[in-house]
Amino acid sequence: MKTKKKNSFDIFMDRQTDENFEKLRSFFIDFNSCCLLNKTDKNKMRKDFENAILYYDNKHFTIEKILELLSLKNLGGFYARPAQSWFPLDDAAKIYPVSMEHGVMSVFRLSVNLKEEVVPELLQMALTFTIKRFPSFATTLKKGIFWHYLDSTKRCFNVIEENDIPCQALKVSQSGSQSFRAMYYKNRITVEFFHVLTDASGGMEFIKALVCEYIRLLGIEIEDSTNILNINDNPDIKEFTNEFLNVEKTPNASGLYNKLATQMSGNLAKVMPCRVLHYRMDANHLREVARKYGITVSTYILCLMFISAKFSCEIYDGEFSIQVPVNMRKYYESKTLRNFSMYCGIRLPISQIQKIEDFKEEVVNQLTIKSSKEEMHKMLYATKKLIRNIRLIPLVIKQPIAKFLSGILGDHAFTSTLSNIGIVDLPNQFKEYIQDMDFVLNTSTTNRASCGLITYNNNATLSITKNTKDPSFETKLYELLTNDGLLVEVEGSELYGS
Amino acid sequence: MEVKVTYPHVERRKKGRRKMLQILKWPFIVGALASIIVNICVGGKAWSAIVVAGEIALWKLVFALDLVEYNRISQFIKATIYSCIILALIHFLIVPFWALGIISILVYAALVVSGILFLTDIKRQKQNMLPMFFFIVAALVTSAIGFILSDTKDYWAVIVLSSISVVLLIVCISVLRLDFLRELKKGFHIK
């Protein structure tokens with residue numbers, strides 16, 4: 001008679017005492033009632049639990065401790081109920097699905113670099129436990145008659161080992177497909193988000209909760225988790241709000257249309273992004289350098305980007321425009337995890353760009369005026385008005401027009417982008433486990449480089465997403481930073497497609 | 001500037017679908033334009049319309065696949081609709097034949113098959129109900145138009161088409177109940 005070959009978990013079970021065996025058996029009986037997914041997903045999730053238990057066993061955790069860490073209360077009934085909720089896209093997100101093409105999708109990336117290698121088994125469990133707190137992330141993109149929407153999906157969301165180029169398009173076409181990608185590589189935990197789900201602030205809330213849960217699963221007692229969403233709390237309806245709907249009327253709705261900007265000159269790479277680079281600096285030192293010029297860190301980096309862009313351009317009479325996303329949460333009280341950011345374009349004639357001292361005032365002025373609450377309000381209202389005006393046009397007509405316009409209003413209107421998330425606020429205890437963080441912006445079809453800045457634990461990381469093999473931009477930027485006395489450690493990817 | 005590589009090595013990527021589409025679209029465009037020009041020069045019946053429709057169908061069904069809502073029901077319905085359009089064009093532009101009869105049979109079969117595809121995997125496919133719903137509605141509208149325009153001898157086609165559509169609609173509603181309304185609400189939302 002054929003006997004079933006025992007797997008490592010069966011062997012583990014065989015060597016348990018009767019008492020422990022019974023505890024584990026009843027744990028999995030309870031699991032069956034907490035997880036009513038389809039057979040494939042249920043088996044996958046059970047396997048994830050088994051792998052985590054085996055990991056703990058290797059680390060000599062007691063069964064009581066293991067079952068406490070992996071407690072089924074963390075599943076919270078999410079996997080036991082059918083998917084019923086759905087979320088209309090927020091006004092800012094509506095453009096992303098209509099403008100996407102095969103292999104081109106607005107995907108941004110947040111990473112947390114730990115001080116030790118990631119344990120995949122625990123990261124998978126952390127994701128399984130965390131996703132229920134973010135129901136608008138546990139969704140699949142669907143197509144309606146007038147707009148796309150996010151349809152709730154219940155499945156075992158997967159963590160994968162990173163093995164591809166960053167920020168590649170996600171496959172969202174099939175039923176149940178996820179619109180984010182959770183990954184690990186050595187000591188790095190990464191989540192890549194399709195912009196329909198959220199913006200950088202919302203993504204940050206997700207990755208903070210994920211990493212906090214991961215650290216808890218490592219067996220570390222979290223003393224203080226202020227500023228991190230508790231994964232076992234009920235999601236708040238305010239977290240799914242399309243805040244654009246609450247924007248009050250203003251007589252001067254404007255700001256959506258921009259003149260075309262000059263692009264840097266390097267040939268666009270066949271593979272995009274063709275490289276990702278991270279410039280790591282001491283945040284205090286960076287602030288001091290910026291202060292020496294009498295400007296903020298964002299303005300300082302913007303100035304350096306203008307100079308570097310000029311260095312990377314063979315056209316001398318155009319205008320550069322750098323897009324600066326503005327988080328609307330700083331102007332409007334909001335708990336939303338959806339998109340709630342606008343942008344402004346800082347525009348300078350190339351001829352005016354010489355030394356920082358020569359044009360910093362102009363950058364400061366533009367930044368102050370264009371990112372002011374009044375201007376942002378006008379833009380928010382313009383977006384709301386536009387969306388409202390075209391809401392009754394079927395998607396099949398809107399889509400080709402939107403695709404065409406997004407190129408003009410988006411990519412071609414800017415030379416580059418600088419998005420500064422600012423200082424990430426995590427409990428002090430986390431400094432023991434987290435080294436630093438990265439924020440990589442999505443690639444565009446025309447811009448040769450874009451930059452994302454994030455600061456954690458006094459480590460400021462400027463990430464450059466490159467779309468051209470021409471190294472002029474990043475080399476000049478590095479030179480300018482080091483000339484100002486900053487010690488820059490450079491990390492990044494290989495040059496893809498070479 | 002020394003770069004410490006902290007990303008996995010990625011093997012040279014095959015040219016993606018986007019690149020392939022960028023290259024392939026030109027033979028399609030040239031083919032379509034050439035057929036229209038030749039058709040105009042040679043004169044006669046508008047056969048180039050069938051060439052263009054065939055190219056569009058091939059492009060949409062084989063190459064430029066849907067980026068959202070790519071599922072077995074939507075693809076099957078899409079293929080049926082393209083086939084019907086091409087048959088109708090042949091009938092009206094080239095040679096009137098029994099295309100309308102074939103189209104009717106094709107639509108009956110498609111309704112039945114999409115119903116089977118839907119009912120055999122209801123948990124997952126209920127999210128994909130909308131394309132089938134539109135197909136049913138289109139079939140009902142066609143039946144109504146057919147009833148007004150066709151001869152009495154063609155009434156059988158209209159009756160069969162409308163009956164199958166109504167039955168499938170009732171089955172959908174009774175199986176999905178509240179979910180049916182929920183799916184419609186999602187599909188038609190303007191928020």
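The model is predicted. The contact between the chains takes 43 residues from chain A and 32 residues from chain B.

**Domains**

- In chain A, the domain assignment gives domain 1 as 17-80 and domain 2 as 247-492.
- The C-alpha centres of these two domains of chain A are separated by 44 Å.
- Chain B is split into domain 1, residues 14-65, and domain 2, residues 69-188.
- In chain B, the C-alpha centres of the two domains lie 27 Å apart.
- Contact between the domains of chain B involves 11 residues of domain 1 and 10 residues of domain 2.
- On the domain 1 side of that contact, 8 residues are nonpolar, 1 is polar and 2 are charged.

- Strand β15 (489-492) of chain A runs parallel to β1(B), and 2 bridges join them.
- Across this pairing, A:G492 stands opposite B:V5.
- The bridge partner of A:E491 in β1(B) is B:K4.

**The contact between the chains**

- Chain B contributes 32 residues and chain A contributes 43.
- On the chain B side, β1, α1 (17-42), α5 (122-125) and α8 (178-188) each give two or more residues.
- By class, the chain B side has 12 nonpolar, 8 polar and 12 charged residues.

**The three-stranded sheet of chain A**

- A further open sheet, of 3 strands, has the order β1-β4-β3 in chain A, with antiparallel pairing.
- The edges are β1 (86-88) and β3 (139-143) of chain A; each has a single partner strand, so one side of each has no neighbour in the sheet.
- From one strand to the next, the twist averages 30°.
- Strand β4 (148-152) of chain A pairs with β1(A) over 3 bridges, in the antiparallel sense.
- Within that pairing, A:P88 has A:Y149 of β4(A) as its bridge partner.

**Helix pairs in chain A**

- Helices α9 (297-311) and α10 of chain A have axes that come within 10 Å and cross at roughly 125°.
- α9(A) and α10(A) are therefore oblique to each other.
- The crossing of α9(A) with α10(A) is right-handed.
- From α9(A), the contact uses A:T299, A:L302 and A:C303; from α10(A), it uses A:I356, A:F359, A:K360, A:V363, A:V364 and A:L367.
- The residues of this α9(A) and α10(A) contact comprise 7 nonpolar, 1 polar and 1 charged.
- Helices α6 (120-130) and α7 (200-217) of chain A have axes that come within 8 Å and cross at roughly 125°.
- α6(A) is thus oblique to α7(A).
- α6(A) and α7(A) make a right-handed crossing.
- Contact residues of α6(A) include A:L122, A:L123 and A:M125, and those of α7(A) include A:A209, A:L210 and A:E213.
- The contact of α6(A) with α7(A) has 10 nonpolar residues, 1 polar and 1 charged.

**A helix pair in chain B**

- Helices α4 (99-119) and α7 (155-176) of chain B pack with axes 10 Å apart, at an angle of about 10°.
- That angle makes α4(B) roughly parallel to α7(B).
- The crossing of α4(B) and α7(B) is left-handed.
- Residues of α4(B) in this contact include B:G101, B:S104, B:V107 and B:Y108.
- From α7(B), the contact residues include B:A157, B:V160, B:L161 and B:I164.
- By class, the residues of the α4(B) and α7(B) contact are 12 nonpolar and 4 polar, with no charged residues.

Notes. Residues are numbered from 1 along each chain as its sequence is written. Chains are lettered from A and ligands numbered from 1 in the order in which they are written. This is a predicted model: local features need pLDDT of at least 70, side-chain atom pairs count only at pLDDT 80 or more; totals for chains, interfaces and linings use all residues. Domain bounds come from an automatic or database domain assignment. Two residues are in contact if their C-beta atoms, placed from the backbone, lie within 7 Å. Ala, Val, Leu, Ile, Met, Phe, Trp, Tyr, Cys and Pro count as nonpolar, Asp, Glu, Lys and Arg as charged, and the others, Gly among them, as polar. Two strands pair if DSSP finds at least two bridges between them. Helices (H or I, at least four residues) and strands (E, at least two) are DSSP runs, numbered from the N terminus. Axes are lines fitted to C-alpha atoms, for helices over the stretch in contact, and angles run from 0 to 180 degrees between N-to-C directions. Angles under 35 degrees count as roughly parallel, over 145 as roughly antiparallel, 65 to 115 as roughly perpendicular and the rest as oblique. A crossing is left-handed if the near helix is turned anticlockwise from the far one by less than a right angle, and right-handed if clockwise.
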